[in-house]
Amino acid sequence: MENEELFFCGDFRHALDSQFRVTLPSAWRCGEGEPHLVLFPGRDRDLLLFPYSMFREFLIRARSSALANPAAQAALAQIGRVVRDIKPDKQGRIKLEKEMLQAIGVDSQLVMIGAITHIKLCAPQNWNPVELGDASVFLDEVQKLNESDSDGLSNLLAKLIGKGN
């Protein structure tokens with residue numbers, strides 16, 4: 001399992017405990033331990049959890065370009081302000097901040113959506129899955145991803161902070 005790529009699929013509804021923790025589904029956990037994740041606020045009243053390995057790629061690019069670039073330094077400061085390092089406990093639970101949950105409309109219930117490369121967290125009322133019969137809606141976007149030469153997470157992060165195309 002150590003050479004397998006980590007990916008996330010399915011959607012799960014969970015209740016938060018009194019300490020604002022939620023358990024990651026067992027299918028999303030690594031064989032040798034829990035995945036190290038990085039949490040970002042999203043654009044659509046959601047939170048996004050990325051594997052640290054994806055975030056590390058962004059860090060490498062950021063280190064090489066931000067030193068002499070004031071705009072990049074400002075963007076990284078904004079990202080650093082809102083990003084959280086998430087390490088599940090031995091039971092696979094992750095602790096979320098009350099303020100972040102309130103900002104996305106989560107009270108006691110949470111939907112965790114496997115978005116292939118990352119996990120999307122949102123309030124149940126904000127999750128509107130596309131019916132399987134309407135698959136062309138998302139398959140067109142998947143085709144665009146396959147054809148693009150985007151920079152992956154760094155492009156996504158730029159969009160998250162409003163600096164992207």
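This is a predicted model: local features need pLDDT of at least 70, side-chain atom pairs count only at pLDDT 80 or more; totals for chains, interfaces and linings use all residues.

Colleague: How far apart are the end C-alpha atoms of helix 1?

Modeller: They are 20 Å apart. With 15 residues (52-66) at 1.5 Å a residue, helix 1 should span 21 Å, so the two values agree.

Colleague: OK, switching to strand 4. How many of its residues are buried?

Modeller: Six of the six, residues 46-51, so strand 4 is largely enclosed by the rest of the structure. Asp-46, Leu-48 and Phe-50 are buried on one side, and Leu-47, Leu-49 and Pro-51 are buried on the other.

Colleague: What does strand 4 pair with?

Modeller: Strand 3 (residues 37-41) pairs with strand 4 in the antiparallel sense, over five bridges. In that pairing Pro-41 is opposite Leu-47. Strand 8 (residues 119-122) also runs antiparallel to strand 4, joined to it by four bridges.

Colleague: What's in the turn between strand 3 and strand 4?

Modeller: The two strands form a hairpin with four residues between them, and Arg-45 in that turn has a positive phi of about 50 degrees.

Colleague: Back to strand 8. Which residue there stands opposite Leu-48?

Modeller: Lys-120.

Colleague: Is Lys-120 buried or exposed?

Modeller: Buried: its relative accessibility is 17%, and the cut-off for buried is under 20%.

Colleague: What does the side chain of Lys-120 make a polar contact with?

Modeller: The side chain of Asp-46, at 2.5 Å. Beyond its neighbours within four places in sequence, Lys-120 is also in contact with other residues, including Asp-44, Val-111, Met-112, Ile-113 and Trp-127.

Colleague: New topic: how many disulfides are there in the whole structure?

Modeller: Zero, from a search of the whole structure.

Colleague: And Cys-122, buried or exposed?

Modeller: Cys-122 is buried, at 1% relative accessible area. Cys-9 is partly exposed, at 43%.

Definitions and conventions. Residues are numbered from 1 along each chain as its sequence is written. Side-chain values use heavy atoms; hydrogens and water are left out. The expected span of a helix is 1.5 Å times one less than its number of residues. Buried means under 20% relative accessible area, exposed over 50%, partly exposed in between (1.4 Å probe, protein chains only). Two strands pair if DSSP finds at least two bridges between them. A disulfide is a pair of cysteine sulfur atoms within 2.5 Å. A polar contact is a pair of N or O atoms within 3.5 Å; within protein, one must be able to donate a hydrogen and the other to accept it, and residues adjacent in sequence count only if both atoms are side-chain atoms. Contact means heavy atoms within 4.5 Å.
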